[in-house]
Amino acid sequence: MARRVNGISRFNVTALALGLAFLYLPIVILVIYSFNASRLVTVWGGWSLRWYAEFFNDRAMLDAAWMSLRVAAVSATLATLLGTLGAVALARGGRFRGRALFSGMLYSPLVMPEVISGLSLLLLFVALDAERGFWTVTIAHTTLTMCFVTVVVQSRLASLDRSLEEAAMDLGCDPVRAFLSVTLPLIIPAISAGWMLAFTLSLDDVVIASFTTGPGSATLPIRIYSEVRLGVKPEINAICTMVIAFIAVVIVAASFASKLSSSQGESAAPL
Amino acid sequence: MTEESPEIDAPEIEEAVLPVKSAPPAEPAADMPLLRIEGVGKKFGNFRAVDRLSLDIRAGEFFALLGPSGCGKTTLLRMLAGFETPDEGRILLDGKDIAPVAPHQRPVNMMFQNYALFPHLSVRDNIAFGLKRAGMARADIATRVGEMVALVKLDGLEKRKPDQLSGGQKQRVALARALARRPQVLLLDEPLAALDKKLRESTQLELMELQRRLGMTFIIVTHDQEEAMTMANRIGVMDAGRLEQVATPRELYEAPRSRWVAEFVGDINLFEGEISSREHHRLNIWTRLAGTIVAAEPRQRVTQANVSVAIRPEKVKLSRRGPVSDAGTSQAINRLEGVVTDVSYLGGLTVYKVKLDSGAVVRSSMANTARLDFDAYSAGRRVVAWFTPDDCVVLEQ
């Protein structure tokens, strides 16, 4: 009976352990092996930070990492701008003509297979005779991640009381002013959560990036992928561990931001 | 442009005999009303929310729009604030058509039902919000905010955020914010709906006091008839987008113009019948359920033969054998015999249900003036329910 009350039966514990193991055991192994001193990936040779040092001396890898960070930052920023505008149009635009079509088109990248998006973008860039590199990847990632920003921001806007904007207008704000002085401060946490989400999505995308990137501008995931094809070096483990740590930090920050956003009505937590 | 709207229909006894319940509002100087609504209509799809409605509101009035939910009262208020545009008709404020004026340029402020306080701003910044937009000097804003805080008794809470306030305090902030710009008209959308009963009653009194002190025109929307009766100088009862009656609370209660108003405002006993004869301002009305009822003839001549007789429960008196005789009163007295079926003790008064021999049920409420008079009329007792012709309101079908 007591077990029931606590909600933790033996079955629950087992299921939870197996589930977590299924999800995280591979990652744990990867992290552990990143500290492996041995040259052979599968043989444990004691603890070492050797492969981390190796990475920081690997010019090509560092370039790829820098490229990835730049693409992620720029595409996330563009996606946030466009995605927020889309969310505002959907949540505040009323029932304009073609609203259903607009929202469907906005959300389609969410369900579109990345291979198709990547291929169609590649065809477009080829047709436009655009030189493939930083900007093509960035644009491709913007189209990929924009809809995620829209989802996050629109749900926040939908939960926001419409009468707040009306109150602002009643007190002398024109609609634009009302949006800037009342709505925007209240959805900023959702917008920043959307940015971070877009950032991480861009950072770990391989498929679309490999279609749209050009020679000499490989992103980190592409670089890792091509290295692994020649055999896994322990250095890759170290890089992956750092990427995991980085993304974990961003995701946690994003979830904090979005929590803050949704609880703003009740709690007085400052931004 | 007469000041009294013609739709008010009160029998002679009104105002002449009975004392006025509350002090009348200051009479406006000009005969032009502050706010004139002319044939305003609004449709949502096929639904007529407001149906060619006309209404005049004078400066300094405390006017209540009363009606069940969905009757269009909030839509009308939102048209005054500018959040909805009328499909037809005109709204004149101070003689000027405000239809083309955007909400943020209207000299009207609104207090929202859910208060709509800005959660990211402090109490002070919420109140100052409209003043900053109006381009007021910093020092003047501080002074005005101080006045408002004192006016609604929020001293010491200026730095709090809305979610650190109780429901009553939020209500005060919303009121202060709406009043801060000194609007010509203050619109209040169900301002007390979110408060508990005790707080609501005290806030009603404070709102009335505030309105009297500021001399501002208040238009309140409510579905709570007690609230409307307590606070307003005049009440417009709305149903299905139309004004059923515009009258003072007393007129509304004692001289409802239609059966719908009679049933909506307060409790009422209704008997349907037919006018059989008329003599000396008295109508003899034959009803199937209560026999012949003698009723005072309303000032406005009844043209139809089929009418309803409406009697408020507190006008129906009970006695064991009925009043001893008609002598001493110049009036014929209506008596209905029946059996008490239900007694509801409500503290200040007791409501009796009396089942007549015809099967109809008459409600009578009597004030409990004596402390030890319990069980005066217990269930099962045979009684006479009686009322005078003047107690009856004759309503055309």
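Contact here means heavy atoms within 4.5 Å. The views below come from a predicted model, in which local features need pLDDT of at least 70, side-chain atom pairs count only at pLDDT 80 or more, and totals for chains, interfaces and linings use all residues. Residues are numbered from 1 along each chain as its sequence is written, chains are lettered from A and ligands numbered from 1 in the order in which they are written, and side-chain values use heavy atoms, with hydrogens and water left out.

**View 1. Chain B meets chain A.** On chain B, 22 residues are in contact with 23 residues of chain A. Together the two chains bury about 1,900 Å². Buried area is the accessible area (1.4 Å probe) that two parts lose on being put together, summed over both. Carbon and sulfur atoms carry 61% of the area. B:His104, B:His120 and B:Arg133 supply 30% of what chain B buries against chain A, more than any other three residues. The predictor gives the complex an ipTM of 0.76 and a pTM of 0.77.

**View 2. A salt bridge across the interface.** B:Arg78 and A:Glu166 meet through their side chains, N to O, at 2.7 Å. A salt bridge is a side-chain nitrogen of Lys or Arg within 4 Å of a carboxyl oxygen of Asp or Glu. Between chain B and chain A the rule finds one. β6 (108-111) and α3 (123-133) of chain B each supply at least two residues of the side that touches chain A. Helices (H or I, at least four residues) and strands (E, at least two) are DSSP runs, numbered from the N terminus.

**View 3. A salt bridge within chain B.** Over all chains, the count of salt bridges comes to 31. One of them joins the side chains of B:Arg36 and B:Asp56, at 2.6 Å, N to O. B:Arg36 lies in strand β1 (residues 35-44) and B:Asp56 in strand β2 (residues 47-57) of chain B, so the pair ties together parts that are 20 residues apart in sequence.

View 4. Strands β12 (residues 282-287) and β13 (residues 291-296) of chain B pair in the antiparallel sense over six bridges. Two strands pair if DSSP finds at least two bridges between them. B:Ile285 stands opposite B:Ile293 in β13(B).

**View 5. Confidence along chain B.** Chain B averages a pLDDT of 85, and 89% of the residues score at least 70. pLDDT is the predictor's confidence in each residue, from 0 to 100. Over residues 1-29 of chain B the pLDDT is below 50. Where pLDDT is low, the predicted coordinates should not be read in detail.
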